[in-house]
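Work through the exercises below with the model open. Try each task before reading its solution.

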Amino acid sequence: MAERNLDFDKVINRKNTDCLKYDFAVKRGMPADVLPLWVADMDFKTSSYIEDAVIERTKHGIFGYSEVGEDYFNAVKNWMKKHHNWDVDEKWLVKTPGVVFALAMSVKAYTEPGDSVLIQLPVYYPFSEVIRDNGRKVVSNDLVLSEDGRYHIDFDDFEKKIVENNIKLFFLCNPHNPVGRVWTLEELKRIGNICLEHGVTVVSDEIHNDFILKGEHHVFAGIDERFADISVTCTSASKTFNIASMMISNIFIPSEALRRKFRRQLDAAGVSQLGILGLEATRAAYEHGEEWYQAMLSYVKANVEFAREYIRDNLKNVKLMDIEGTYLIWLDFRETGLTAKELDDLIINKAKLWLDSGRIFGKVGEGFQRINVACPRTTLKEALDRIKISLEG
Ligand SMILES: Cc1ncc(COP(=O)(O)O)c(C=O)c1O
């Protein structure tokens, strides 16, 4: 059996498929005719091995409570070893219906109402939401944008914020959405050492770990056993294989004490067995998805290069931030002189694009827009053409 879904140029109509990206513009306050490049899923068909595995399981016709065992774990373990050089133990694994769900459970497990949780804005907005929605406070160690178009961590501020706010929980985003950083070994060691010193638990959201365009991804928990001991590592095949609606994440918690607290919250939320189709999809992805994954990653890399050249040659006052990881590019429009509100208006009402406005990632994101480039190149070009025409007009 050979992989069939390797034509990433093909434009697939996702309309009228209950698709969050394409079918909900008007409901979410956008004009009906926007081209969507916002939410982080791909406009590509997943691996045909996943399609086939789900179809096969469906034919059985019984969908009672299900659980997976050693073969599922081995598929996950082998992927982590091969792609991230990380040895995982079966007892560390807790499966959850999504990574954001795991973030919310961590807030409940490791902090008390009224406590503060540390994040690094601009960051994936559900980080702030799950903290606030659970009655905790957001404290940000804002990332600092330097002249080279790369974001950096202000470590003095990082430690100061921990001490001043009695921080017990930090959400790390690695690779970082939306700024595209893949944190270096040195940066992660500094983070880990500071967190160790001050008794801070680190929830490392590594959902984008398979999208490394430059440099190398380091699993935070894999760097040092002492880091493993204070960490919760969130992974999933959902971004890598475009199966987000399958709702399966693999969360690794080496410390027994941290794992017990986390599980207690899952029990309190009434979550036990997950959906069999998602589990089958994840297993098939990690067992048979390599060829599809490699081809998809090459295509995404080429899209980033395409965008880079296009922006350099055609969008004079727009800067593409250096991107090391994820399939989300982060564009700086501040030199256009538009206010954040005028920029949103131009993107939505003139260019007729549905992007993620930088504002939603925190105040420091104002003047930026995030574009999802995991789409056919013609779609990406259409989006960039629309920005060009709108800015010129
Ligand atoms: C950093 C990050 N974490 C989590 C998620 C979503 O995870 P899930 O759909 O498993 O809740 C996303 C999706 O864009 C993301 O970018």
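**Exercise 1.** What joins the side chains of D322 and K214?

*Solution.* A polar contact of 2.7 Å joins them (a pair of N or O atoms within 3.5 Å, one able to donate a hydrogen and the other to accept it; residues adjacent in sequence count only if both atoms are side-chain atoms). The model is predicted: local features need pLDDT of at least 70, side-chain atom pairs pLDDT 80 or more, while totals for chains, interfaces and linings use all residues. Numbering starts from 1 along each chain, and side-chain values use heavy atoms, without hydrogens or water.

**Exercise 2.** Describe how α3 packs with α12.

*Solution.* Take the geometry: α3 (residues 70-84) and α12 (residues 276-288) pack at about 45°, axes 9 Å apart. Now the residues: D71, Y72, A75, V76, W79 and M80 of α3 meet L279, T282, R283, A285, Y286 and E287 of α12.

**Exercise 3.** Which residues of α3 and α13 meet?

*Solution.* W79, K82 and H83 in α3 meet E290, Y293 and Q294 in α13. The axes of α3 and α13 (residues 290-314) come within 14 Å and cross at roughly 40°.

Notes. Axes are lines fitted to C-alpha atoms, for helices over the stretch in contact, and angles run from 0 to 180 degrees between N-to-C directions. Helices (H or I, at least four residues) and strands (E, at least two) are DSSP runs, numbered from the N terminus. Contact means heavy atoms within 4.5 Å.
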